Amino acid sequence: MRQFPLEMHGMAPGRVVEWRLRSTAGPEPAGAGRWASFNQDKHFTVAEESRGADDPVASWVAVTFEVEGALDEEALAGALLAFVQRHEVLRCTFRRLAGELACEPITPGELALDAVPVASFDSNRELVGYLSERFKRSIDTLSWPLFTMGAVLREDSATVYLAFDHIVCDGLSMPVVVQDVQGAYEALRRGEEPAAAPAPSYLDFAEEQRRRYLSFDADDERLAYWKEFVAGGDGAFFPRFPLDLGVAPGRMYPIVNEASELLDAGEAEVFEKVCREVDGKPFMGVLAAVAVCLREAGGPGVYRGFMPVSERGRAGWADSVGWFVNTMPIEFDASPGRDFGQVMAGVREGFGEMMRHIDVPFVRAWQLLAPEEFAARSWPYPVNFFSYIDTRKVPGAGRHEEWRPASHVWSARANGACSWFQRDAHGLHMNSIYVDTAAARRTMEGFQEALRRTVREIARHGSFGRPLALAAPRGPVGSALGAGAVARRP
């Protein structure tokens, strides 16, 4: 399962049908209100403020997957409804109560789906263009439902799609979506009822989180790790992306969204073996390579960045949809002269220290330690950000070859760069969203090519290889791409 721009999807054209959710409960949901998580509250607040300033912030997270054979539309409608009924966060409307953001769940029995024929498309370009625009128009943080569901129907196959606002999901929710919908669809095709038990609710997670951290203040000892990290960055809460992206302070830009392969399946297996030989994990090896490439391109010897970390594992949330992500700072030494094993040891130590403090929510740390920046609608400048998911270990992974799922992210504007790395059965892949400036295109092109060379060098020789300044001439950062060419969306 890979993450790449929707515009790169090669889905065949066909007839599009959507299933639109509505509540039969009347204007006021029957369920009792519950408090939103810190992630949700900040996300909703940004949407409110940007709407009020006539400067809307738009983004979505989507998943697509394949169904073989002629689609049973009635069974798919039942599967989609069962999926929404199973996950409480998808049935929530949001509103302010006494200044706090409340979730008000609609009971499962008060939901209905309406099938809406859309159009038939004769080309992939027209189809993908429609879906991209549809997701942009339909996903609105301030309006329920917070997702769109549909399918592209052909005589012998179908592509199912669901697109969500981030307020109800994260990247690891996408495999759960595929598994749940496919499982319910197959059960209904067999004449059976889909699993009726609700998944563990994200609202319970949010409630526990707020109970533990809403009342603590900036003097709480649990913020010690964050304070040490901020002090190490000369008082800056956000670790800067160390390369030139050509951005002006306070300005947002249109994005480039691109994806590429770093290692094929065989190379990724060897890379993992080499990482384990120095007592590390593959994601640590990728992070070590990122740090060295940034340093060789002009960044500092000490890597400082943010890393999203899943909070699903500690309380049985693996099969739930929700925003189970904490963003944490990590720091380690990648100075010149340190070999692969030494840098990996630093990554391992830095990651271990980070995980000892994982419980403190990022949004609360931000609010307490950088209140002026917290009041803004975006991070203040380009931030160093690293994300890694091994999709061979997610729910439903054993059937990914059959279902062919893919995830897609989009944002209207940005002021920096974010990169997501995914390992699947076919290799190691990279998806980046960054500002559309000439400097950023040069910088990211050079960085991606240097990273590709570095991870391959690690796989082949267990080292970072010769200095990257000798491997690729300086000047405008990056030149022609080598093997594994980048596919990009302007």
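At what angle do the axes of helix H7 and helix H13 cross? I looked this up before anything else.

**Ground rules.** I am working with a predicted model, where local features need pLDDT of at least 70, side-chain atom pairs count only at pLDDT 80 or more, and totals for chains, interfaces and linings use all residues. Residues are numbered from 1 along each chain as its sequence is written, and side-chain values use heavy atoms, with hydrogens and water left out.

**Entry: two helices.** The axes of H7 (residues 265–277) and H13 (residues 438–461) cross at roughly 70° and come within 8 Å. I note that axes are lines fitted to C-alpha atoms, for helices over the stretch in contact, with angles from 0 to 180 degrees between N-to-C directions. H7 is therefore roughly perpendicular to H13 (the term covers 65 to 115 degrees). Helices here are DSSP runs of H or I with at least four residues, and strands are E runs of at least two, numbered from the N terminus.

**Entry: a sheet.** I found an open sheet of three strands, ordered E3-E6-E5, with antiparallel pairing. Two strands pair if DSSP finds at least two bridges between them. E3 (34–35) and E5 (92–97) are the edge strands, each with a single partner, so one side of each has no neighbour in the sheet. E3 pairs with E6 (residues 100–105) over two bridges. Trp-35 stands opposite Ala-102 in E6.

**Entry: aromatic rings.** I searched the whole structure and got 34 aromatic pairs. Rings of Phe, Tyr and Trp (its six-membered ring) pair if their centres lie within 6.5 Å; planes under 30 degrees apart are stacked, over 60 edge-to-face, and the rest tilted.

I picked out Trp-226 and Phe-362, a tilted pair at 6.0 Å centre to centre with 40° between the planes. Trp-226 is in helix H6 (residues 224–232) and Phe-362 in helix H10 (residues 362–369), 136 residues apart. Are Trp-226 and Phe-362 buried or exposed? Trp-226 is buried at 1% relative accessible area, and Phe-362 is buried at 6%. Buried means under 20%, exposed over 50%, and partly exposed in between (1.4 Å probe, protein chains only).

Phe-362 also pairs with Trp-366: the centres are 5.5 Å apart and the planes at 35°, so this pair is tilted. Both residues lie in H10, four residues apart, about one turn of the helix. I then traced one aromatic cluster, whose members include Trp-226, Phe-362, Trp-366 and Tyr-381.

**Entry: charges over rings.** Which residue lies over the face of Trp-366? I found Lys-42, at 4.8 Å from the ring centre. Arg-304 lies over the face of Phe-229, at 3.9 Å. The test is NZ of Lys or CZ of Arg within 6 Å of the ring centre and within 35 degrees of the ring normal.

Notes:
Angles under 35 degrees count as roughly parallel, over 145 as roughly antiparallel, 65 to 115 as roughly perpendicular and the rest as oblique.
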